[in-house]
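Student: I have just opened this entry and would like to be walked through it. May we look at it together?

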Amino acid sequence: MTPMIDIRDLSVVFGRGPKPVPAVDGVTLALAPGEVVALLGESGSGKSVTLRSLLRLHPASARVGGTIRVDGTDVMALSPRALADFRGRTVSMIFQEPRLALDPVYTIGDQIAEAVRRHRGGTRAQARARALDLFDRVRIPSAKRRLDNYPHEMSGGMLQRAMIAMALSCDPKVLLADEPTTALDATVQIQILLLVRELQREYGLSVIFVTHDIGVAAEVADRVAVMYAGRIVEEGAIADVIRSPQHPYARGLLDARVELAGGRDRLITIPGAPPDLADLPPGCSFAPRCARVSGECRTTVPPLAAPLGRGQVACFHPG
Amino acid sequence: MMAYAAKRILQVVPVAVGVSVVCFMLIHLAPGDPLAAILPSDASADLQAQMRALYGLDRPLPVQYGLWLIRALHGDLGQSIATGRPVTGEIAGAAVNTFILAGVATVLGFTVGATLGFLAGLARGTWVDRITSGIAMLGVSVPHYWLGLVLVIVFSVELNWLPATGAGPGGRSLDWSYLRFLVLPAVTLSVIPMGIIARTVRSLVADVTAQDFVSALGAKGMLRRQVLRHVVRNVAPTALSVMGLQLGYLLGGSILIETVFSWPGTGFLLNTAIFTRDLPLLQGTILVLAMIFVLINLGVDLLQGAIDPRIQR
């Protein structure tokens with residue numbers, strides 16, 4: 001089956017001059033139609049930058065390499081007009097802070113209706129009817145009244161539902177989710193996760209779900225790709241990675257979960273700090289923090305391989 | 001919206017009362033006896049007492065204030081000491097001239113300033129930004145009476161294209177014979193609001209375009225001009241309120257320009273009243289100018305409330 005999303009050797013470099021920042025370096029990832037992949041990593045690991053590359057949302061100064069195909073379309077080659085048609089129609093996105101991602105001086109209904117009219121045309125009344133229908137789908141109570149609300153009149157959870165309604169308004173094939181639950185209360189988080197999962201199944205969406213929370217990844221994703229310093233270090237079925245992480249960084253992430261700290265007096269942390277992206281070590285980026293480090297790790301970047309025949313890991317000493 | 005408007009209108013009342021008290025007290029705070037300007041210095045005590053009674057100056061201050069306020073509310077601000085004509089009529093005539101000048105200058109300054117600021121805000125760090133920001137900086141810093149004199153030297157004295165002073169032949173019309181008198185003072189007066197609005201709009205546009213919702217609009221496929229419409233809607237409330245304040249300043253604060261160009265407006269009238277020690281005229285002019293300022297602020301707030309839903313609380 002041809003993949004819905006096919007990212008090959010993606011690299012994104014910010015800034016020019018003596019110290020450019022390679023935010024993403026050689027990321028290759030493919031998603032089948034209807035598949036949900038979580039991109040897991042800390043801040044600065046390149047997960048959001050990878051996600052935004054699919055819509056070419058980077059500032060003009062960013063240098064982007066590699067190829068991205070979505071549903072057969074070469075995203076890098078799209079003209080500005082074709083890119084605008086592609087955004088929101090083939091691929092749409094939901095954001096971390098719905099309150100900041102919505103225009104404060106337009107009603108929610110107007111903001112959904114303008115996206116509908118942009119991609120599907122039709123009258124104001126038709127677009128509004130579509131927005132109302134979507135509000136019911138994402139289960140916003142008293143939908144008709146809520147359409148006329150401004151963003152400041154709604155709670156964070158309701159806004160994220162509205163954001164999801166907007167993202168689905170033009171029947172996209174791919175949904176990109178950039179930490180959509182991070183800014184929400186724990187109880188609301190789970191509702192949003194369940195909603196995303198339910199709508200994903202209903203619409204058969206391919207979803208890339210960016211998160212730093214392995215629990216969230218386990219809730220929504222079929223597969224997970226763990227990123228560190230701009231590279232994918234481990235990738236595999238979510239159950240496999242959680243049960244037996246192969247990369248020492250992935251193991252560290254699992255051990256560092258607060259939920260596991262229950263009976264112990266101290267939280268387990270990964271020693272050291274993430275590297276400066278502008279000044280990466282020549283070998284494995286994780287080598288300075290790694291307990292299994294050897295001479296080879298410091299000179300050569302380990303390639304992604306499948307030592308167990310399932311999933312992939314970029315480590316000379318997996319296990 | 002109605003509740004917000006009503007609340008905002010009610011807030012005007014105490015401000016207006018305060019303004020009227022200050023204007024009334026001017027006569028009594030100013031050095032010297034208010035009668036000194038009209039009576040010869042060797043007037044007899046008897047005559048002084050008689051005049052005092054005539055003007056009501058022998059009564060307690062609160063009573064004087066009350067009587068003055070009642071008359072003012074009926075449109076009677078007394079007679080000009082210098083001309084003997086009613087102050088209200090003098091101010092009304094001058095106010096129309098000032099409104100025309102300030103209105104044209106504000107519209108001109110806002111249009112040019114907002115355009116320059118918008119372009120600069122979108123093209124931050126480029127040569128477009130540097131040039132427009134330079135123009136805005138000049139507009140704010142140049143002394144406008146000096147600029148007025150330079151424009152007079154160039155366009156009136158050297159090129160002889162436009163008249164240097166006055167408001168033209170009596171009777172206003174959209175005729176060039178009248179409008180040509182308006183060009184130089186209006187352009188000179190527009191330079192300050194132009195600079196201030198350009199700088200305000202530039203930083204507003206920079207703020208708004210850096211916000212997440214702008215990239216979110218791009219992410220849902222909106223075209224550039226549609227995104228810019230969102231930016232304008234976000235920038236407009238603040239830009240309009242700055243314009244309203246500028247209009248307020250220009251309505252009251254164009255003394256220098258009106259004097260340089262001998263434009264017969266309220267600033268010119270104020271200048272005359274000060275130099276002839278014409279207290280009733282001075283008092284009336286200041287009261288009217290202050291009330292205009294209060295009303296303009298009210299208008300701006302109501303307009304802002306209508307544009308930006310977050311303000312109505």
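Student: Leaving aside its neighbours within four places in sequence, which residues is A:Ile68 in contact with?

Tutor: Beyond those neighbours, A:Ile68 is in contact with A:Asp6, A:Ile7, A:Leu10, A:Ser53, A:Leu54, A:Thr73, A:Asp74, A:Val75 and A:Met76. Contact here means heavy atoms within 4.5 Å. A note on the basis: this is a predicted model, in which local features need pLDDT of at least 70 and side-chain atom pairs count only at pLDDT 80 or more, while totals for chains, interfaces and linings use all residues. Residues are numbered from 1 along each chain as its sequence is written, chains are lettered from A and ligands numbered from 1 in the order in which they are written, and side-chain values use heavy atoms, with hydrogens and water left out.

Student: Where is A:Ile68 placed, and is A:Ile68 buried or exposed?

Tutor: A:Ile68 belongs to strand E4 (residues 63-70) of chain A. Helices (H or I, at least four residues) and strands (E, at least two) are DSSP runs, numbered from the N terminus. A:Ile68 counts as buried because its relative accessibility is 0%; buried means under 20% relative accessible area, exposed over 50%, and partly exposed in between (1.4 Å probe, protein chains only).

Student: Turning to strand E9 of chain A, why is E9 described as largely enclosed?

Tutor: Six of the six residues of E9 (residues 223-228) are buried, so the rest of the structure largely encloses this strand. Both faces of E9(A) are covered, with A:Arg223, A:Ala225 and A:Met227 on one side and A:Val224, A:Val226 and A:Tyr228 on the other.

Student: Which strands pair with E9(A)?

Tutor: Strand E3 (residues 36-40) of chain A runs parallel to E9(A), joined by four bridges, and A:Leu39 has A:Ala225 as its bridge partner. Strand E10 (residues 231-237) of chain A pairs with E9(A) in the antiparallel sense over six bridges; there, A:Met227 is partnered by A:Ile232. Two strands pair if DSSP finds at least two bridges between them. E9(A) and E10(A) form a hairpin with two residues between them, and A:Ala229 in the turn has a positive phi of about 50°.

Student: What covers the buried residues of helix H11 of chain A?

Tutor: The cover includes E3, helix H9 (214-220), E9, E10 and helix H10 (238-243) of chain A. The buried residues of H11(A) are A:Pro248, A:Tyr249, A:Ala250, A:Gly252, A:Leu253 and A:Leu254.

Student: Which residue forms a salt bridge with A:Glu35?

Tutor: A:Arg223 does, with the closest N and O atoms 2.7 Å apart. A salt bridge is a side-chain nitrogen of Lys or Arg within 4 Å of a carboxyl oxygen of Asp or Glu. This pair links distant parts of the chain, 188 residues apart: A:Glu35 is in the loop between strand E2 (21-31) and E3, and A:Arg223 is in E9. At 15% relative accessibility, A:Glu35 counts as buried.

Student: What is the count of salt bridges between chain A and chain B?

Tutor: The count is one. In that salt bridge, the side chains of B:Lys220 and A:Glu114 meet at 3.2 Å, N to O.
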